[in-house]
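Morning, everyone. Let me put the next structure up on the screen and walk you through it.

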Amino acid sequence: TAMAGVATREIDGVGAGAASAGCPVPGPQWWFVGSGSQLGRGAALLVSNPAQEPARFDLTLYAPSGPVEALAGKGIDLGPQQGVRLRLDALAEDQALLAVRVQATSGRVAAALRDVAVPEDDQPRGVDFIPPSIAPANRLWIGTVPGDAVEQTLVLVNPGSQCATVQPRLLTAPGP
C-alpha cells in the first residue's frame, strides 16, 4: 500500500519540530479554522497545483471581528505542478485567531495549513498541520469530541453578510 504525504522539519527557531499530513486531494475550495498570525507565530498556507494546466485561487481570511482584507490574497496564479507557501502574518498581521478560505477560481488546488504555536519565553510550543474544516452550511455535524479532554473550544465562522443564529447541541451516549 502506498501513501503520499507532506512532512516538514525545522531544527531551530519558533517553528522547531516535525509535522506531517496526508496529501490532500485537489478541490475547488478549502477551509481551515484555528490558526493565527500574531508576532512569533509561523503559520503558513501551502497551496499546490498538481495538474498539467494552470490554476488560480483567492484567499479570504476571517478574524473574530469579521472578514480581514488579505494583502495580495486575490488572483494568485499557480503554473502546472507548482506550489506556493504563504505566511499568514504576511497576509493579515497580528490576528490571534483566523479562519482561512482557499477558493480555486480556475482549475483545482490542494491546500494544507502548517501552524506553529505561539512560543512562551522564546521556547517553541509545537508545530502541526491543521486539518481542513468542512465548508459552511446551514446544518453541520461535528465528529467525536474526546471524552477525557479537560476543555474543548468550538470555533464558528460566519462568512455571510447577515447575522447567524447558532444552536449547538451535544449528543452523548445517554442522549442530547
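**Overview of the chain**

Of the 176 residues in the protein chain, 30% count as buried. Keep in mind that this is a predicted model. The exposed surface comes to about 11,500 Å². Carbon and sulfur atoms supply 52% of that area.

Now the secondary structure. The protein chain has 1 helix and 11 strands. Follow the sequence and you read β-β-β-β-β-β-β-β-α-β-β-β. So much for the order along the chain; what about contacts? Take those between residues at least 6 apart in sequence: 71% of them join residues at least 24 apart.

Which order do the strands take in the open sheet of 4 strands? The order is 8-4-10-11, and the pairing is antiparallel. At the edges sit strand 8, residues 82-87, and strand 11. Each of these edge strands pairs on one side only. On average, neighbouring strands in this sheet are turned by 20° against each other, direction ignored.

How many bridges join strand 4 to strand 10? There are 5 bridges. Strand 4 covers residues 44-49, strand 10 covers residues 110-116, and the two run antiparallel. For a landmark, find Ala44: Arg114 in strand 10 stands opposite.

On to strand 9, residues 98-106, and to Gln103, which is found there. What does Gln103 touch, leaving out residues up to four places away in sequence? The list is Pro28, Gln29, Arg56, Phe57 and Asp58. Leu59 is worth a look too. Gln103 and Leu59 are 44 residues apart in sequence, yet their C-alpha atoms are 6.4 Å apart in space.

Last stop, Pro168. This residue is found in the segment after strand 11, which spans 127-130. Is Pro168 buried or exposed? Pro168 is exposed, because its relative accessible area is 62% and exposed means over 50%. Now compare sequence and space once more. Pro168 and Leu154 are 14 residues apart in sequence, and 9.4 Å apart from C-alpha to C-alpha.

To recap: a chain with 1 helix and 11 strands, an open antiparallel sheet in the order 8-4-10-11, and an exposed Pro168 in the segment after strand 11. Thanks, over to you.

Conventions: Residues are numbered from 1 along each chain as its sequence is written. This is a predicted model: local features need pLDDT of at least 70, side-chain atom pairs count only at pLDDT 80 or more; totals for chains, interfaces and linings use all residues. Side-chain values use heavy atoms; hydrogens and water are left out. Buried means under 20% relative accessible area, exposed over 50%, partly exposed in between (1.4 Å probe, protein chains only). Contact means heavy atoms within 4.5 Å. Two strands pair if DSSP finds at least two bridges between them. Axes are lines fitted to C-alpha atoms, for helices over the stretch in contact, and angles run from 0 to 180 degrees between N-to-C directions. Accessible areas come from the Shrake-Rupley method with a 1.4 Å probe; for residues, only the protein chains shown count as cover.
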